[in-house]
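Here are my comments on the model you sent.

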Amino acid sequence: MKIQTPVLMMLLGSSMLSALPQTPSANEIAEQSQQAFYYAGKDMTARVVMTLVTAGGEQRVRDMTMLRRNGEAGRQKYFLYFHSPADVRGTAFLVNKEPGRDADRWLFVPALNLVQRIAARDAESSFVGSDFSYEDISGRLLTFDTRKLLREETLDGKPCHVIESIPKRRASFTRKLAWIDRASFLPLKEEYYDAQKELFKVFTADELRDVDSLPTITKRTMKNVKSGHRTEVALKQVKYNLGLTEDVFTERSLRRPPAQWISAD
């Protein structure tokens, strides 16, 4: 039986199109980005240097250790311990993330000998005076926002998906644009817009490195474009898959940090 040429071309065209790689949806891209940025490896340790810079160039430097452990089905725990400066030394921050609900967050303030629970409504407030929010540190639930894939665009020579996010519930922003690296799925840039639809905060990934074969943002900046204040974060001594155990991430650790993972050096 002979197939007419137009029909044959249509069949071949349909077959070729189905064989082409399909662009993932905005939600699929966001999920892969969250996995790459917040969930790389089974666990992670890093020394973190956070520098707060005023519009006039004055600097305050904070030195801390960050520990992270992934659980099953999106469960995750974070622990941060501040080494310096003296006025925040001993401050500790603990996060417990469970699927489908607000993360539990606690902050230990040694000057008051007080463990303070961070209310869910305060998740978007400033993290210890920086331009990052508590939510920025440990991540925002994907179900809190709706998303749209706006376009494909090159940023600093890297092909990116440009995703628009609109919050369905409380947030510090009313609109967010994210440039997601198509290769690593790490966020290279994010723009945050306020209730007046004006740009007020910009995140940039300033340095990317492969650590234990995992793409890692080792330098990042969050800048308040209205005030001129910015926060620069550098991750040093990054290590993955060290076998961190559950007992590291308890409320008891806030007052008595796990010495084997918290080095003064």
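1. Terms first. Helices and strands here are DSSP runs, numbered from the N terminus; a helix has at least four residues and a strand at least two. With that settled, strand E1 gives the most to the lining of the second largest pocket, with 3 residues. Please keep in mind throughout that this is a predicted model.

2. The second largest pocket. Its volume is about 200 Å³. The lining counts 11 residues, and the closest to the centre are Thr45, Thr65, Gln237, Trp261 and Ser263. Strand E1 spans 43-53 and strand E13 spans 230-240; each supplies at least two lining residues. By class, the lining of this pocket splits into 3 nonpolar, 5 polar and 3 charged residues.

3. The largest pocket. This one holds about 380 Å³ of space. A set of 26 residues lines it, with Gln34, Tyr39, Arg140, Leu141 and Leu142 nearest the centre. Helix H2, residues 26-38, provides the largest share of that lining, at 3 residues. Charged residues number 11 in the lining, beside 9 nonpolar and 6 polar ones.

4. How many cavities of 30 Å³ or more does the structure hold? The count is 1. About 750 Å³ of space lies in the largest cavity. Its lining runs to 47 residues; Phe37, Tyr38, Asp136, Gly139 and Glu190 lie nearest the centre. Helix H2 gives the most to this lining, with 6 residues. The class count is 30 nonpolar, 7 polar and 10 charged residues.

5. Helix H2 in both linings. H2 supplies 3 residues to the lining of the largest pocket, and 6 residues to that of the largest cavity.

6. Strand E10 and its partners. On one pairing, strand E9 (residues 175-181) runs antiparallel to E10, joined by 6 bridges. Within that pairing, tryptophan 179 has lysine 189 of E10 as its bridge partner. On the other pairing, E10 and E11 run antiparallel as well, with 5 bridges. There, tyrosine 192 is bridged to lysine 201 of E11.

7. The two turns. The hairpin of E9 and E10 has 5 residues between the strands, and phenylalanine 185 takes a positive phi near 65°. The hairpin of E10 and E11 also has 5 residues between its strands; lysine 197 in the turn shows a positive phi of about 65°.

8. Lysine 201. This residue sits in strand E11, residues 199-211. Is lysine 201 buried or exposed? Its relative accessible area is 8%, which is under the 20% cut-off, so lysine 201 counts as buried. What does the side chain of lysine 201 make a polar contact with? The partner is the side chain of aspartate 136, at 3.3 Å. Leaving aside neighbours within four places in sequence, lysine 201 is in contact with Asp131, Asp136, Glu190, Glu191, Tyr192, Met222, Lys223, Asn224 and Val225.

9. Methionine 44. Methionine 44 is placed in strand E1. It is buried, with a relative accessible area of 5%. Not counting residues up to four places away in sequence, methionine 44 touches Met66, Leu67, Arg68, Leu235, Val238, Lys239, Tyr240 and Leu244. The C-alpha atoms of methionine 44 and arginine 69 are 6.6 Å apart, although the two residues are 25 places apart along the chain.

10. Serine 253. Helix H4, residues 251-255, contains serine 253. Its relative accessibility is 5%, so serine 253 counts as buried. Beyond residues up to four places away in sequence, serine 253 touches Phe79, Asp247, Val248 and Pro258.

Note on methods. Residues numbered from 1 in each chain as written. Predicted model: local features only at pLDDT ≥ 70, side-chain atom pairs only at ≥ 80, totals over all residues. Heavy atoms only, no water. 1 Å grid on protein atoms, 1.4 Å probe; cavity = no way out; pocket = protein on both sides within 12 Å on 5 of 7 lines; lining within 4 Å. Points joined across faces, edges and corners; volume = space filled by probe spheres on them. Nonpolar A, V, L, I, M, F, W, Y, C, P; charged D, E, K, R; others polar. Buried < 20%, exposed > 50% of the residue type's maximum accessible area, 1.4 Å probe, protein only. Contact = heavy atoms within 4.5 Å. Polar contact = N/O pair within 3.5 Å; in protein donor to acceptor, adjacent residues only side chain to side chain. Pairing = 2+ DSSP bridges.
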